[in-house]
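This briefing is intended for a reader who has the sequence and the coordinates at hand. Please keep the structure open while reading the points below.

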Amino acid sequence: MAAITAPPPQPHPPASTRRHHHHHRVPLLRLAASSSSSRSRFRRRFSSSSSSSSSSSSSSSWSPPSYYGGGGGGGGEIHYVSPPPPPPPPAGAPVYVTLPADAVGPGGRVARRRAMAASLAALAGAGVAGVAVELWWGVVERQGPGVYDWAGYLELAAMARRYGLRVRAILAFHQSGAGPHDPLWIPLPQWVLEEMDKLPDLSYTDRYQRRNKEYISLGCDLLPILKGRSPMQAYSDFMRSFRDAFREYLGAIVTEVQIGMGPGGELRYPSCPTEKLNQPGISSELGEFQCYDKFMQASLSARAQLIGMQDWGNGGPAGTDGSRQNPEETSFFRADGGCWNSPYGRFFLEWYSGMLLLHGERLCMVADAVFSGTGVTIAGKVSGIHWHYYTCSHPSELTAGYYNTLLRNGYLPITQMFARYKAALCCSYFDLRDEERNNSKSSPEGTLRQLMVAAKMCNLPLNGENSMTRLDDTSLNQVVRSSRLYSGGTSATSFSFNYVRMNKSLFEFHNWNRFTKFVRQMSDARTFLARLEFRRGQQYLSSMSVVWVVSRACAYT
């Protein structure tokens, strides 16, 4: 049979071959075969010659392909097919709901099972995309090193699948609550606490030798201090056990795994206890540098010797009274002549923030290797430390490990590190407004904008969160407004929102009405069509607007 070629277009086809043409249909030309046998031969021939057919028809001026066949018949026939359906409208921002911290109790079983099932059914009916749940190290590996109990969390995943909800798993290597008196108290595994009691330097330590056991000090990441394993090996084994236990859920139900990277699950130092950070109006202290355990001190000393400045390795900076709220009352943080901008200050802050960044990179590297090919996205969380954003030195950010000042963007290195592992970024304070601040130096909106710019520059998926569990119209409207800064339009970056967290008041009549309305609004792409654009120069500023910087600089000279 001869090769299949496209005949030249006929400007005036015979009248017998014409059909009425409708403007909404696309004509598709086929030459009719003379018999059923020739049609079948043509189909066999065409299937074996599809490549030559596609190349010969590539000169066509319209997109649907034309199929031509030879035969002994007469004229051609014009067939009409409907055009392809329009693309679906873009989705809005999916909303997730974080489950109670004690959704799985200390014994490893789902708490209040019937109430949990009813709650998940209600969330699914409201249009929620899924739930976020902390998988506590102190619950899963409570029985001993390498002994994992996932039963309660597997049951939660099965319940979520039953109601069509996705799951964001938060691998929580930190403690929950402020102490045994806290109803949500979940400490680190007992065998870990025993090792910390034997060797107190496993805990973060400030210059007053106060120990913090929320999270193991990153200074001993690679040291075999946990019954022969290093903390990083323990985290890696935990991730592998989770992957193997949840294999049937990964990629379909469990779509994201957020790695706990520090106190509160955030990539930061415990410069201020987490319970203080969660109490608005109390957390405006400068904070304390957490570099006084012997492992951190050894690292600092080695770095100072490396650059020939051995005296710089003898402890953290002086003049940093963290209990104060005014940086001008300290010799290190003050704007005029503060040591933060001296050669020593820059050395120390680069080492201190670099150690935190290295800790985050190690965890991302492990998570990327463990979950590669499973279909899940890995994620990490950065804290929104905003108490002294409108100062030159940003002291509360510096003590938390974020080297972010008037002269330096401290969040871009973090987002660049996340981007290397295609990790999503989670950050909080989407519900706070500057008008609500109790300190003129604070700016939750400014801090969030800077984080968003850094994330967008690295094209990171972003997960927003609220800082306080409340459902008033003001805070929900602020969440929508903040979300529009990152989502919508033609941006390739993805955005979703975690509502923190589910409790009994969520399902009260008035709150539930507000919440369901909020979910519908966030899920509607039209909410994000009128985007709030950043000013062109804003992404290059480390933190503050040009006008504010100039006015404050004049005041300091």
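The points that follow describe a predicted model, beginning with the chain as a whole and ending with individual residues.

The protein chain has 557 residues, of which 50% are buried. Its secondary structure comprises 16 helices and 12 strands. Among contacts in the chain with a separation of 6 or more, 77% involve residues 24 or more positions apart.

**The barrel**

- Eight strands form a closed barrel with parallel pairing, in the order S3-S4-S5-S8-S9-S10-S11-S12.
- On average, and with direction ignored, neighbouring strands of this sheet are turned by 25 degrees against each other.
- Strand S3 (residues 95-98) is covered on both faces. Val-95 and Val-97 are buried on one side, and Tyr-96 and Thr-98 are buried on the other.
- S3 runs parallel to strand S12 (residues 495-500) and is joined to it by four bridges. Within this pairing, Tyr-96 has Asn-498 of S12 as its bridge partner.
- S3 also runs parallel to strand S4 (residues 130-136), and three bridges join the two. Here Thr-98 is the bridge partner of Ala-132 in S4.
- Val-254 in S8 stands opposite Val-167.

**Packing of helix H9 against helix H10**

- The axes of H9 (residues 294-306) and H10 (residues 343-371) come within 11 Å of each other and cross at roughly 130 degrees. The two helices are therefore oblique to each other.
- The crossing of H9 past H10 is right-handed.
- H9 contributes Met-296, Ser-299, Leu-300, Arg-303 and Ala-304 to the contact, while H10 contributes Phe-347, Phe-348, Trp-351 and Met-355.
- Classified by residue type, this contact of H9 with H10 contains seven nonpolar residues, one polar residue and one charged residue.

**Packing of helix H10 against helix H12**

- H10 also packs with helix H12 (residues 412-420), at an angle of about 15 degrees and with the axes 10 Å apart. This angle makes H10 roughly parallel to H12.
- H10 passes H12 in a right-handed crossing.
- On the H10 side, the contact is made by Leu-357, Gly-360, Glu-361 and Cys-364. On the H12 side, the residues are Pro-413, Ile-414, Met-417, Phe-418 and Arg-420.
- The contact of H10 with H12 divides into six nonpolar, one polar and two charged residues.

**Backbone geometry in the loops**

- A cis peptide bond links Val-500 to Arg-501, with omega of about -5 degrees. Arg-501 belongs to the loop between S12 and helix H15 (509-523).
- Tyr-429, a residue other than glycine, has a positive phi near 70 degrees. Tyr-429 is located in the loop between strand S10 (424-427) and helix H13 (444-457). Its relative accessibility is 11%, so Tyr-429 counts as buried, the cut-off for that class being under 20%.
- Asn-459, likewise a residue other than glycine, has a positive phi near 60 degrees. Asn-459 sits in the loop between H13 and strand S11 (462-465). With a relative accessible area of 48%, Asn-459 is partly exposed.

- Asn-463 and Lys-381 are separated by 82 residues in sequence, and their C-alpha atoms are 8.9 Å apart in space.

Methods
Residues numbered from 1 in each chain as written. Predicted model: local features only at pLDDT ≥ 70, side-chain atom pairs only at ≥ 80, totals over all residues. Heavy atoms only, no water. Axes fitted to C-alpha atoms, helices over the stretch in contact; angles between N-to-C directions. Parallel < 35°, antiparallel > 145°, perpendicular 65-115°, else oblique. Left-handed = near helix turned anticlockwise from the far one by under 90°. Contact = heavy atoms within 4.5 Å. Nonpolar A, V, L, I, M, F, W, Y, C, P; charged D, E, K, R; others polar. Pairing = 2+ DSSP bridges. Buried < 20%, exposed > 50% of the residue type's maximum accessible area, 1.4 Å probe, protein only.
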